[in-house]
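Hi there,

Here is the structure I promised to hand over. My notes on it follow just below, so please have a look at it first and then read on.

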Amino acid sequence: MRDVSATEEVRTQSLPESIRHRFPIFEQRVYINSCSQGALSDAVRQAYEQYLNDWDEKGAPWEYWVERQEAARASFAELINAAPDEVAVTTSLSAGVASLASGLRFARRSKVVLTDWEFPTIGQIWHAQEARGARVTHVPEARDGTIPLEHFAAAIDEDTLLVCYRNGAMIDVRKIVDLAHERGAYVLLDAFQSVGSLPVDVKELGVDFLGAGVLKYLLGSAGLGFFYAKRDLVEKVRPTATGWFADENIFAMDHTDYSPAHTAARFQSGTPPVPAIYAGIAGIELMKEIGIAETREHVNELNAHLIDGLDELNAPVVTPDSHGALICVKSKDAAALVAALGREGIVTSERDSNLRISAHAYNSVEDVDAVLASLQRHRKLLA
């Protein structure tokens with residue numbers, strides 16, 4: 001197994017040691033499954049309690065809850081270097097993307113370019129637009145498990161309206177953006193597996209739209225997403241999937257007219273997910289306190305240690321060399337392997353016949369070693 005230098009060990013240990021006590025699950029289990037959802041923190045638990053207390057004390061505090069929504073918008077905007085008016089508060093990534101899709105027209109340009117790596121919701125939303133004239137193309141991965149830029153270049157043409165990319169396995173997003181923009185297409189980035197695990201700057205990336213949620217590396221809970229739209233594009237899209245909170249004046253209560261907001265709020269829908277907003281703000285603020293750049297460095301070191309250990313086990317890693325926090329390991333029976341680790345108090349997950357191991361700021365070298373030791377005991381389940 002890879003030796004960890006003294007300096008590296010101090011750095012790798014210091015971050016989890018400073019925050020681990022805020023995640024009670026570690027009193028009972030090794031939690032290394034942040035690609036599914038982040039571990040529950042004391043801050044998020046307290047946020048839910050505060051929501052219930054506010055409901056008790058204030059009765060029906062809708063104006064205050066709208067203020068909470070605006071606080072969530074501002075907090076997420078700061079996280080990705082956007083302006084608050086470029087961010088919609090949604091119930092999920094799917095809701096934001098579906099609103100965008102409903103507002104695009106496929107007459108002048110009809111092609112939507114996806115990758116073979118998309119989460120199902122992205123593919124399903126865009127294939128649903130085929131009934132409205134969209135033509136959906138999937139960019140295939142290469143034999144080495146990557147999607148090279150030339151594959152995008154072959155797919156993006158003068159008829160392309162939108163390019164969608166999920167940033168789990170990492171490629172140079174800026175190069176894809178530049179290529180798409182040269183050919184007159186917009187770019188939508190699904191950053192659900194990225195935001196919180198590494199710094200994301202929409203200005204540096206140059207993306208036109210971005211969807212994300214707080215459930216995973218932002219340490220929030222289910223039910224809250226965000227959708228970014230570059231300011232000069234907002235009013236070029238007129239969603240037909242809409243709702244009360246997408247209106248330019250939600251308190252006008254006008255049912256005789258459709259007047260979408262002049263900001264990215266036009267990609268919102270009905271009543272916002274108030275409890276999840278409390279939790280989402282708490283999770284985002286906790287991640288800002290922990291440090292996203294520091295988390296990225298820490299997780300990179302843990303993953304290097306993990307991959308070295310997997311190599312010693314001859315366990316096939318199917319994640320490309322350029323990747324985020326998530327490491328996938330080929331398995332003969334991934335569900336059985338997840339269950340076996342679970343019986344030993346280790347929480348992981350599986351997808352596409354792969355064991356998924358995803359560290360975060362709260363994980364330690366000892367957590368990784370526990371995973372490796374368990375995999376050694378269940379070696380027969382690895383491919």
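**A loop residue to begin with**

Asp352 sits in the loop that links β11 and β12. This is a predicted model, so please read everything below with that in mind. With a relative accessibility of 63%, Asp352 counts as exposed. Its phi is near 55 degrees, a positive value in a residue other than glycine.

You will find Asn81 in the loop between α3 (62–80) and β2. Its relative accessibility is 39%, so Asn81 counts as partly exposed.

**The chain as a whole**

Stepping back, the chain holds 12 helices and 12 strands. Its radius of gyration is 22 Å, close to the 21 Å that the globule rule gives for 383 residues, so the chain is as compact as a globular protein of that length. Along the principal axes, the C-alpha atoms fill a box of roughly 65 × 60 × 35 Å. Of the 383 residues, 55% count as buried. If you take the contacts between residues at least 6 apart in sequence, 72% of them join residues at least 24 apart.

β9 pairs with β12 (residues 354–358) in the antiparallel sense over 5 bridges. Within that pair, Val329 has Leu355 of β12 as its bridge partner.

**Helix α12 and Leu375**

How far apart should the ends of helix α12 be? At 1.5 Å a residue, its 13 residues (365–377) should span 18 Å, and the end C-alpha atoms are 19 Å apart, which agrees. The buried residues in α12 include Val365, Val368, Val371, Leu372 and Leu375, along with Asp367 and Ser374.

Leu375 is worth a click. Its relative accessibility is 0%, so Leu375 counts as buried. Apart from its neighbours within four places in sequence, Leu375 is in contact with Leu310, Leu313, Leu337, Leu341, Leu355, Ile357 and Leu382. One of these, Leu337, is 38 residues away from Leu375 in sequence and 8.3 Å away in space, C-alpha to C-alpha.

**Strand β2 and its partner**

In β2 (residues 87–90), Val87 and Val89 point one way, while Ala88 and Thr90 point the other way; all of them are buried. β2 pairs with β8 (residues 225–229) in the antiparallel sense over 4 bridges, and Val89 stands opposite Phe226 of β8.

Phe226 turns up again among the contacts of Val214, which also include Phe192, Leu219, Gly220, Ser221, Leu224, Gly280 and Ile284, leaving aside neighbours within four places in sequence. Val214 is in the loop between β7 (209–213) and β8. Is Val214 buried or exposed? At 0% relative accessibility, Val214 counts as buried. Val214 and Phe76 are 138 residues apart in sequence, yet 9.4 Å apart in space, C-alpha to C-alpha.

**Cysteines**

I expect you will ask how many disulfides there are. A search of the whole structure finds 0. For Cys328, the closest cysteine sulfur is that of Cys35, and at 7.2 Å the two are too far apart for a bond. Cys328 is buried, at 13% relative accessible area. Cys164 is buried as well, at 1%.

Best wishes

Methods. Residues are numbered from 1 along each chain as its sequence is written. This is a predicted model: local features need pLDDT of at least 70, side-chain atom pairs count only at pLDDT 80 or more; totals for chains, interfaces and linings use all residues. Side-chain values use heavy atoms; hydrogens and water are left out. Helices (H or I, at least four residues) and strands (E, at least two) are DSSP runs, numbered from the N terminus. The expected span of a helix is 1.5 Å times one less than its number of residues. Buried means under 20% relative accessible area, exposed over 50%, partly exposed in between (1.4 Å probe, protein chains only). Two strands pair if DSSP finds at least two bridges between them. A disulfide is a pair of cysteine sulfur atoms within 2.5 Å. The radius of gyration is taken over C-alpha atoms; the globule rule is 2.2 Å times the number of residues to the power 0.38. Contact means heavy atoms within 4.5 Å.
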